[in-house]
Amino acid sequence: MVAYPPEPASVPLLQLEQIATARKGPQGQITPFLTDISWSCQAAELTALIGPSGGGKSSLIRLINRLEEPQQGRILLAGTDINEIPPPLLRQRVGMMLQKAHMFQGSVLDNLQQPFRYRKTALPGADDPYLLQCLSLARLSPDYLQRDARTLSGGEQQRVNLARALINRPEVLLLDEPTSALDRPTTDSLGQTLLEICRSERLAVIMVTHDLRLSRRISDQTIYLEAGRIVEAGRTAELFSSPQSKALQGFLAEPAEEP
Amino acid sequence: MGKNSLIHLDLLQLLYAYALILLSVSLARFKQIGQERQMLWASLRMVVQLLAVGYLLQLVFTVRSPLLVILILLSMTGFSLQVIGSRIRQHMPHFYRIMGSSIIIGCGGVTFYFCLLVVGYSPWYDPRYLIPLAGMIIGNSMNGASLAAERLTAEMRERHDELETALCLGATARQAAEPALRTAYRAALIPTMNTMAATGIVALPGMMTGQILSGTEPMLAVRYQIAIMCAITAAVAITAFLILLQGYRSYFTPADQLRQHNPLS
């Protein structure tokens, strides 16, 4: 396992420079949403995005794999502007687990093979070493491979979702509230799994969460986002022990918000 | 009565036929279903519309102008677009462009192939052939076109999570939309397949019946019916295919993003 902090690299793995987005209102009026977002992260680093609902956390990570487009600023992946990378290729390098784990029809193996169908390369079999490694990283036994993915429990589906996101060997993994539908023991176990994968695979993990306890336990840096702006960002331990802004102090003092 | 002679319907005979509508309206009134006024209105519209079409066709048959024939075919397409549009244009981006071009290429192409190569009459715009044949091809394809568009809009909405998951795993827009396209294409083709399979057993087709009534040999009427069924099937298949091919793309930006999340792109 790689120790934290990671060795400083000359170029950050992921860098956001003065990102701004806008939204179309119900009457067609255009209003600014995310404003002046700049931040970077390294391989093997786990970042948590916290803040009130509607503050722009999910919108922000959806920019990183280009599910959505910023109006201003640029995002660099290992020094390359993501607009220069064909979107399907970018999304192989920047994996994402959506909040709702959609399972494709068929077995868990069919689901893990899906990215290879998109790439039009040979499908890995049930004995493929890397496929088994992804399964094991997501803490699923090989017995799951032949099970119908849609009949699994929420926690199991989220693990298949994780294994499936890892199968493309991404450099960055985006997680949109991965534990929102899970109970406390399952959340803790998935959180631990995520941290281990982040370190062992040298993945930059960026996680949107409402679970402050989880964020505090596993993340290296935390970003507090409110009304489309980064209000405060820093090392997780410092940010939680001595929040500087009134907004974050208030947010941390509130009882846990339901997503 | 001679073999090929027609029985003409005079006004009195038509009134006898219309008495059947009045009987239906009386039955509706007796059961108090509250639709009598609408039934009467619908029957009057039917009579007026058909009379108008009859006079128009007589005029077109007399004038025999290619421009007039094309104009009639285009307005038929326009009316059918309007009917489908009232149901789905809000849910499908670029509705008129996609539907219009697909119908013109799909139905128009098949109609001219059928008229010129299969039936092979001249001149090509002879309204006695072109208008009824094009009318049947367009009318029947409308059902398939409308099913393809409706099913596509529903699939793109219902499969939102699946589409995003596929994109996140590195799918192109085409690959992500493929399951939705397959379902929509199947939905568009099923009624035509069912009609083909049931033809002659469940019901005698309208064109064949009409030809037999007007004195055509049954076997010749059957040959015409087989040929027109083939043309209708091809028109449905091509029109629906073109609608889906252009339609799915309108839900995505050039960067393979769902347009609903990128309204400013």
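Biologist: Read along the sequence, what pattern does chain B follow?
Modeller: This is a predicted model, in which local features need pLDDT of at least 70, side-chain atom pairs count only at pLDDT 80 or more, and totals for chains, interfaces and linings use all residues. Residues are numbered from 1 along each chain as its sequence is written, chains are lettered from A and ligands numbered from 1 in the order in which they are written, and side-chain values use heavy atoms, leaving out hydrogens and water. Chain B has nine helices and zero strands (DSSP runs numbered from the N terminus; helices are H or I of at least four residues, strands E of at least two). Its pattern is α-α-α-α-α-α-α-α-α.

Biologist: What box do the C-alpha atoms of chain B fill?
Modeller: Take the nine helices of chain B together. Along the principal axes, the C-alpha box is roughly 75 × 55 × 35 Å.

Biologist: Which peptide bond of chain B is cis?
Modeller: Look in the loop between helix H4 (95-119) and helix H5 (127-158) of chain B, where B:Pro123 is found. Omega is near 0° for the bond from B:Ser122 to B:Pro123.

Biologist: How much area do chain B and chain A bury between them?
Modeller: The contact (heavy atoms within 4.5 Å) takes 20 residues from chain B and 27 residues from chain A. Carbon and sulfur atoms hold 58% of the buried area, which is the accessible area (1.4 Å probe) that two parts lose on being put together, summed over both. The total is about 2100 Å².

Biologist: Which residues of chain B lose the most area to chain A?
Modeller: Three residues together account for 32% of what the chain B side buries. They are B:Cys168, B:Leu169 and B:Leu264.

Biologist: Which residue forms a salt bridge with A:Lys100?
Modeller: The count between chain B and chain A is two salt bridges (a side-chain nitrogen of Lys or Arg within 4 Å of a carboxyl oxygen of Asp or Glu). In the one at A:Lys100, the closest N and O atoms are 3.3 Å apart. The partner is B:Asp161.

Biologist: Which helix gives the most to the side of chain B that touches chain A?
Modeller: Seven residues of that side come from one helix, residues 160-168. It is helix H6 of chain B.

Biologist: What is the strand order of the six-strand sheet in chain A?
Modeller: The sheet is open and its pairing is mixed. Strand S8 (94-97) and S12 of chain A are the edge strands. Strand S9 (residues 172-176) and strand S10 (residues 204-208) run parallel, joined by five bridges. The order is S8-S9-S10-S5-S11-S12.

Biologist: Which residue of chain A has a positive phi although it is not a glycine?
Modeller: Go to the loop between strand S11 (221-226) and strand S12 (229-235) of chain A. Phi is about 50° at A:Ala227.

Technical notes:
Two strands pair if DSSP finds at least two bridges between them.
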